[in-house]
Amino acid sequence: RKEVEQDPGPFNVPEGATVAFNCTYSNSASQSFFWYRQDCRKEPKLLMSVYSSGNEDGRFTAQLNRASQYISLLIRDSKLSDSATYLCVVASYFGNEKLTFGTGTRLTIIP
Amino acid sequence: NAGVMQNPRHLVRRRGQEARLRCSPMKGHSHVYWYRQLPEEGLKFMVYLQKENIIDESGMPKERFSAEFPKEGPSILRIQQVVRGDSAAYFCASSPDRGKEQYFGPGTRLTVT
């Protein structure tokens, strides 16, 4: 079983729609959780950290369910510029700082 | 504040040659991480370094690969006697402290012919 599992997509969504991504992780000792986005052949860029209480940044909302080991990302009012691959990332800190990446979910926003 | 810098951006090597990849962390960051992304795959952790110390090298292949982060100068990922399977994008990330968010450089795309 992969440490971080994501639906690879692709998700093809019309502009203005709402889209949701899910991710599950296997290591219950994971301490920190993130969503990164990666444009084609570019570096991953931090989109947002994910907290147990849930957090929102503009059109983006992230949720964490530790009991189910489940992370989600919601994008509202999607824009053409949101087209990218979205990477679910977990880390076990305090001695193990490495990030473990999912393989990503590809999103294409259609005009 | 300049971001993480990596050079070269593209590197072509013939089988058996050596590849040296450089990473300069963001200003004020003393923690460096190297990741590898094979074609159509996710990023995989290779090694975590602080100045002059290797903290975690659990993701490094046992042979041909080494990394350093000297007191002065960039972090270097060195691959000796490259093989075709080493062709990948190598990303470096830095953070200001343990447990803080990591910021990635633009990567070095290594092609082994």
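**Exercise 1.** Is β8(B) mostly covered or mostly uncovered, going by how many of its residues are buried?

*Solution.* Start with the ground rules. This is a predicted model, where local features need pLDDT of at least 70, side-chain atom pairs count only at pLDDT 80 or more, and totals for chains, interfaces and linings use all residues. Residues are numbered from 1 along each chain as its sequence is written, chains are lettered from A and ligands numbered from 1 in written order, and side-chain values use heavy atoms, leaving out hydrogens and water.

Next, the terms: strands are DSSP runs of E, at least two residues, numbered from the N terminus. Buried means under 20% relative accessible area (1.4 Å probe, protein chains only). Now count: 4 of the 5 residues of β8(B) are buried, so the strand is mostly covered.

**Exercise 2.** Work out the strand order of the open sheet in chain B, and name its edges.

*Solution.* Strands pair if DSSP finds at least two bridges between them. Walking across the 4 strands gives β1-β3-β8-β7, paired antiparallel. The ends of the walk, β1 (5-7) and β7 (65-68) of chain B, pair on one side only, which makes them the edge strands.

**Exercise 3.** Trace the bridges that β8(B) makes to β3(B) and β7(B).

*Solution.* Take β3 (residues 19-24) of chain B to begin with: 5 bridges tie it to β8 (residues 75-79), antiparallel. Among the partners, Cys23(B) goes with Ser75(B), and Arg20(B) with Arg78(B). Then look at β7(B), which pairs with β8(B) over 4 bridges, again antiparallel. Here Ser66(B) has Arg78(B) as its bridge partner. Finally, check the hairpin of β7(B) and β8(B): 6 residues lie between the strands, and Gly73(B) takes a positive phi near 100°.

Terms used
Buried means under 20% relative accessible area, exposed over 50%, partly exposed in between (1.4 Å probe, protein chains only).
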